[in-house]
Amino acid sequence: MSNNTESNRSDDTTLKSQEHSSSVLSEETLAESFPNYDGQIVETHRLMQKPAQTTPAEAVLPESLTAQISHDLFEHQAAALAALADNENVVVTTSTSSGKTWVYALQIARMHLYNPDTTALCLYPMKALTRDQERELNDKLRDDWGLDIKIGVYDGDTPTDRKREIRENADVILTNPAGLNVYLPRHNRDAGWRRFYANLDLIVVDEAHEYAGVTGTHVAWILRRLRRIVRTYDANPQFVLTTATIGNPADHAQRLTGESFTVIDEDGSPRGSRDIILWEPPIDWDQVSDDDIVDEQTETETETTDQSRSPTPSSDDSDPAAEFERARQSTGSEAAQVTAHLASHDTQTLQFCSARQGTEIAAKQTVDAARSNNNLTVEPYHAGLGKRLRRRVENGLKGGQLDAVATTNALELGIDIGSVDATVTAGYPGTKQSFWQQIGRAGRGTTDALSVLVSGDDAIDAYIFDHPSYLFDETVEDAVVSVDNEPVYADHLLAAADERPLSDADIGLLGSDTRLRETVQMWQDAGVLEQTGRLDGTGVGYAGDPRPQGRLSLYNTSGREFAVICVDNNAEIDHDPVAAERAYRDYHEGALFLHAGQQYEVVDVDAESSQPRVLVKQTNTGRYTQTLSTKQITELRMQEHHSLAGGYDRYFGQGTVKITYDQYLVRQISTGEVVRGPLPTQSPPMELNTELMWVSLPSDHVASTIERLDVPLLSPTARSSSDTRVPDEAAQYTYGGGIHAAEHGLIQLAPLELLVDNNDIGGLSTLNHPHETVSGPVWFIHDGIDGGVGFTRAIYDHFETLTERTRDHIAQCRCDRRRGCPMCIMSEDCGNNNDPLDRATGEIILNDVLGAI
């Protein structure tokens, strides 16, 4: 990618009139029609046009099929089809709109010509994408290529009569992994499924990069259960996985399916030129207090005493991030203004937002921002909308009736919306893979396009805007999937036993010999597997409550989710079910949250019923809540150890993380001021038996670090007198702020290397810990999911690179504050209210660790 990139860093932060600059964002146009422009453009890149690389279709397809195709294939399409002809599984990892669907469509066509009874199963991450691909496959296979292939979508929206027809007659079934999880046992009593599985020659997993983390763990076991069933019918299907560009496609595909793969990653599709603009919302640094200025008394003292021992006055106990929010133009409103500017200049624009409610707000803000163009037509788009409304928006984009659409990542995937002119991304979407997917929705094929990334107000956005070359180098994050999570494995083993009795033949596919036997014994002892069954005999059948598949959730490890019910009308609001872990943190009694533009207050949490519920009511308070927590890490079990120089050590293993979201504060939105609290949450303690890594520092590291500190010590905040988690002695408070900063920084920048949401990992830093591996200060990073799903393991493996990035970012942050800011070391998820934090000490600690590696 870097070979096709030009870049220019503009000293006056204005996009000059280079020949590759888009006129709609030229200095002249912005001066005329963007009244709030004040040098927000800080970087522009051009991706150069790239011609197609093709192969004659005759090289890989039979004559009866090439006669229906009037053009050559892209090289990656031909390479994938050649590998499939050699009985290999393929993972195709090329750019957005590169024709990946053609690979499996042509393979289905080729299989059908050889054997009309053959069947194929296609899995998609979203229902809307499934319906879109049904139309595309029908267009290709039936209309364009004249094949008598029956295609059907089989999911919760499919009518019962249509489902029966699909089971009995379909050649190609399209569904999603959550649906497949429920449908797998039905082969036992349905001849249609038996017919389909007996003839299954191809399994397609589209957008496979979507299956990472806990969802990827569940999908990996669902696919293994599928392979186990079709093996019963002597079928041995090949796999085609399609994915956005990721760093480990072969490994990811193997972890998802248990099979080996050939990687197809030489993209032969053409590309028009594309301008990519980095747009940074303005911040008024004069509104941000300089928290490391010493008051007059301390300053006088430090003229005659050791300055490193003189405490810096503490800040008050208001929200440390609130003044940054007040001083900085919000990402959402800035992105809406950019979208309005583009749309008002005849540039059809897709704006990507991070949440469903963000799309509703963004659509309204865009219309409001385009005051000079009252005819601007803007709509929101997200999965919570009805099918008809989503289809209307999709057709409006394709037909040109809509000037702009504010969307979640629902349109990041391959839903057909035609070719829009520009994209605006409101905040870095968390991964390069997602970023390139989003900007790829504009200028499809050889059409030129424009993409704008509006910076968010967190550490990863700040890093990217300080290091824009990161976006354009050739490295890509690794997808993280683990099949080692024991709770998930155990639940899927019950589902597999319900689908077919477990036996020795399942060793390997359903875990190692030891793992399978121990888990079967556990469930037999619990009475949910047949106690008289034997793996080496007639098998072990399921003996528990009906439909164990229905108790699996692809989005957490416990399977326990809370429905969100509004007491105003006793009905569910359009809100995804909430996992127990998140319910305890964010949906406790008294919590305030915003959803679809409406504020709600939690009035009760019913955790005891068969369907746990969060009961809420509508409100409008002008306030928000912040949850505080306590955390303990115990029962550490070391699995790997890297001994570093000078008494530094790095460990990976498992342990118990006990988290209690015990208190919350009520703050004023406008000022961040605490107006109530701390108040009790009533949330019970939560224990995770999960994966961890920890960095142990030498026993004398506190003293040696304070001796080398060339700035004043920080004074403990008022919280230190009432909260035992906050040291009340200046040296320990300052050091605690440094190791806390290192912990925060590493977690917040982890997505630079891995496909990981840093909300799925947590941390703890402390000056001492009783475990035998810890001689002095230590910081932990842990998976926030019971059993772990490989995130911490991946951080452990990428530790040096991530630590270097963290050290550099903390040192270079433009806030120039000891206690940092949201763009370097503050975290909105910190259970300690970001107290203490210290950039200066954190930099020393990270330098010491890097020096020991």
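Visitor: How many of the residues of helix α16 (residues 432-439) are buried?

Guide: This is a predicted model, and a residue is called buried when its relative accessible area is under 20%. By that reading helix α16 is mostly covered, with eight of its eight residues buried; among them are Lys432, Phe435, Trp436 and Ile439.

Visitor: Where is threonine 175, and does it count as buried or exposed?

Guide: Threonine 175 belongs to strand β8, which spans residues 172-175. Because its relative accessibility is 2%, threonine 175 counts as buried.

Visitor: Which residues does threonine 175 touch, leaving aside those up to four places away in sequence?

Guide: Touching here means heavy atoms within 4.5 Å, and on that basis threonine 175 meets Leu121, Cys122, Leu123, Tyr124, Thr130, Tyr154, Asp155, Leu180 and Tyr183.

Visitor: At what angle do the axes of helix α22 and helix α23 cross?

Guide: Angles of 65 to 115 degrees count as roughly perpendicular. The axes of α22 (residues 701-708) and α23 (residues 730-749) come within 10 Å and cross at roughly 95°, which means that α22 is roughly perpendicular to α23.

Visitor: Which residues make the contact of α22 with α23?

Guide: From α22 the contact is made by His701, Val702, Thr705 and Ile706, and from α23 by Ala731, Thr734 and Tyr735. Sorted by kind, the residues of this contact are four nonpolar and three polar, with no charged residue. As a general idea, an α-helix has 3.6 residues a turn, so residues three or four places apart point the same way.

Notes:
Residues are numbered from 1 along each chain as its sequence is written. This is a predicted model: local features need pLDDT of at least 70, side-chain atom pairs count only at pLDDT 80 or more; totals for chains, interfaces and linings use all residues. Side-chain values use heavy atoms; hydrogens and water are left out. Axes are lines fitted to C-alpha atoms, for helices over the stretch in contact, and angles run from 0 to 180 degrees between N-to-C directions. Helices (H or I, at least four residues) and strands (E, at least two) are DSSP runs, numbered from the N terminus. Angles under 35 degrees count as roughly parallel, over 145 as roughly antiparallel, 65 to 115 as roughly perpendicular and the rest as oblique. Ala, Val, Leu, Ile, Met, Phe, Trp, Tyr, Cys and Pro count as nonpolar, Asp, Glu, Lys and Arg as charged, and the others, Gly among them, as polar. Buried means under 20% relative accessible area, exposed over 50%, partly exposed in between (1.4 Å probe, protein chains only).
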